[in-house]
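Subject: Structure handover

Hello,

Here is the structure for your files. My notes follow below it.

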Amino acid sequence: MSDNNVVLLSTFINDKKKVKIIFHKDVLVWDNEKPPLGFFTRPKHILMFVNPFGGKQNAMRIYEKYGKNLFSIAGVEVTVNVSQRKDQIKDFLITHNLDMFDSVACVGGDGTVSELFNGLVLRECRLRDINANDIHQNLPKPRKPIGIIPGGSTDTIAYCLHGTTDPTTAVLHIIFGDTLGLDLVSVYDENALLRLYASVLSYGYLGDVAYHSDQYRWMGPHRYDYSGFKKLMLNRGYKGEIAIYTDKKEAEQEDCKSNCQICNSAKANHEKVSCKWETVKGKFFMVSGANISCACTRSPKGIAPYCHLGDGKVNLVLVKHTSVINNLRLLLRLSSQDSSVEDLPFVETISAREFCFRAENGSCSKWNCDGEVQHQTNIRAKVRCQLLTIFSRGSTKTPNHTSTCCGF
């Protein structure tokens with residue numbers, strides 16, 4: 001093509017072949033390859049939330065540098081909403097008319113993403129007159145797909161969805177229009193829905209880190225390292241009873257990749273499985289219900305390396321209370337590219353569709369829910385299979401990163 005209306009948008013490698021993505025007269029076309037099917041339903045008008053306070057406080061710069069021009073070239077109209085307080089995104093989505101938008105996206109960290117999907121689900125509950133506080137209700141699927149552009153400290157959700165925290169990759173996934181289904185987990189106390197989460201709900205060590213690090217906010221992201229080291233050396237254990245609703249206790253041992261067959265089959269069969277309740281008691285250093293692998297640059301494999309994005313299950317990772325040396329072994333495994341926490345003898349991973357936790361008499365920890373502290377100790381969590389539609393192709397590979405951190 002030799003035309004003044006032709007702009008080279010991007011070049012990428014697909015099956016070891018160089019492919020050009022070209023913008024020509026208001027239409028994106030592929031050189032040497034047909035576009036993916038999802039591209040024909042790509043977004044045209046996006047409501048974009050930017051959180052200027054999360055992570056390194058550079059979300060607006062990320063949007064201006066990596067997103068704004070690409071969206072403009074691709075003919076995608078973007079309305080930007082800059083959040084000014086906690087829960088503003090969630091409140092806006094619940095109460096405002098979104099009919100003029102075909103999708104919603106955000107630039108921010110895991111907390112920003114959490115506000116986004118909590119607001120969308122609660123909005124659907126309000127519109128359809130569904131009681132979100134009833135655990136037996138089927139929560140409605142939001143009608144609009146979601147785009148996630150990383151702009152936080154760890155960006156675990158974006159990393160697991162895209163296989164990277166590169167903002168350009170996330171923007172291109174939105175422009176292409178490819179989507180996949182992501183599970184959410186709804187968390188309840190005795191009376192009401194507390195929140196939904198997409199990455200991990202963790203009690204014990206990570207709950208303590210999230211709760212006590214708040215007093216060190218002046219340290220920035222390093223507050224997690226400092227608080228994590230203190231809690232590691234303190235080595236507190238918490239007694240509890242966990243009821244697990246499962247059809248198969250053994251977790252999958254296969255990675256979740258793009259076009260995952262396990263997730264594809266779960267979408268059609270998740271209501272047909274037969275489950276039963278099982279109970280586990282003990283003293284734990286940490287209890288984590290992982291909805292995704294929770295991989296990030298600090299933890300390349302994550303706490304649940306074989307957890308899938310849309311299989312309708314969480315991987316319940318139970319870390320027994322042992323010694324400080326074993327705690328260090330756990331953190332070293334989490335920061336390793338080559339080994340997994342599942343190999344440790346004091347760690348057990350159980351596949352669950354629902355679980356309940358009840359603390360036994362004595363001191364209690366807090367729950368870390370997608371980075372936010374939940375003070376209710378006794379909870380019940382239920383997986384909602386592929387409740388969200390996300391702009392992504394799934395992770396194709398895991399980049400090589402090496403790092404160690406007590407707060408991982």
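First, a term: a residue is buried at under 20% relative accessible area, exposed at over 50% and partly exposed in between, with a 1.4 Å probe and protein chains only. This is a predicted model, so local features need pLDDT of at least 70 and side-chain atom pairs count only at pLDDT 80 or more, while totals for chains, interfaces and linings use all residues. Residues are numbered from 1 along each chain as its sequence is written, and side-chain values use heavy atoms, with hydrogens and water left out.

Helices

Helices (H or I, at least four residues) and strands (E, at least two) are DSSP runs, numbered from the N terminus. Helix H5 spans residues 167-176 and is mostly covered, with eight of its ten residues buried. Those eight are Pro167, Ala170, Val171, Leu172, His173, Ile174, Ile175 and Phe176. Gly177 follows H5 and has a positive phi, near 85°.

Helix H6 (residues 205-212) is also mostly covered. Six of its eight residues are buried: Tyr205, Leu206, Gly207, Asp208, Val209 and Ala210.

Cores

A nonpolar core here is a set of buried Ala, Val, Leu, Ile, Met, Phe, Trp, Tyr and Cys residues, joined through side-chain atoms within 4.5 Å. The largest one has 62 residues. Leu93 and Leu330 touch the most other members. Helix H3 (residues 110-127) gives this core its largest share, six residues. Another core lies apart from it and has 23 residues, including Val314, Leu316, Cys369 and Ala381.

What does Leu93 touch, not counting residues up to four places away in sequence? Its contacts (heavy atoms within 4.5 Å) are Leu47, Phe49, Leu98, Val104, Glu115, Leu116, Gly119, Leu120 and Arg123.

Salt bridges

A salt bridge needs a side-chain nitrogen of Lys or Arg within 4 Å of a carboxyl oxygen of Asp or Glu. The whole structure has eleven. Some details:

- Glu372 pairs with Lys86, with the closest N and O atoms 3.2 Å apart. Glu372 sits in strand E17 (residues 372-374), and Lys86 in the loop between strand E5 (77-82) and helix H2 (88-95). They are 286 residues apart. Glu372 is partly exposed at 25% relative accessible area. Lys86 is exposed at 57%.
- Arg353 pairs with Asp247, with the closest N and O atoms 3.1 Å apart. Arg353 is in the loop between strands E14 (347-352) and E15 (354-359), and Asp247 in the loop between strand E11 (238-246) and helix H8 (261-269), so the pair ties together parts 106 residues apart in sequence. Arg353 is buried at 13% relative accessibility. Asp247 is partly exposed at 32%.
- Arg380 meets Glu354 at 2.5 Å, N to O. Arg380 belongs to strand E18 (residues 379-391) and Glu354 to strand E15, 26 residues apart. Arg380 is partly exposed at 25% relative accessibility. Glu354 is buried at 6% relative accessible area.

Salt bridges with shared partners also join Glu124, Arg128 and Arg143 into one network.

Cysteines

How many disulfides does the structure hold? Zero, where a disulfide is a pair of cysteine sulfur atoms within 2.5 Å. Cys260 is in none, and the nearest cysteine sulfur, that of Cys263, is 3.7 Å away. Cys260 counts as buried at 10% relative accessibility. Cys364 is partly exposed, at 35% relative accessible area.

Best regards
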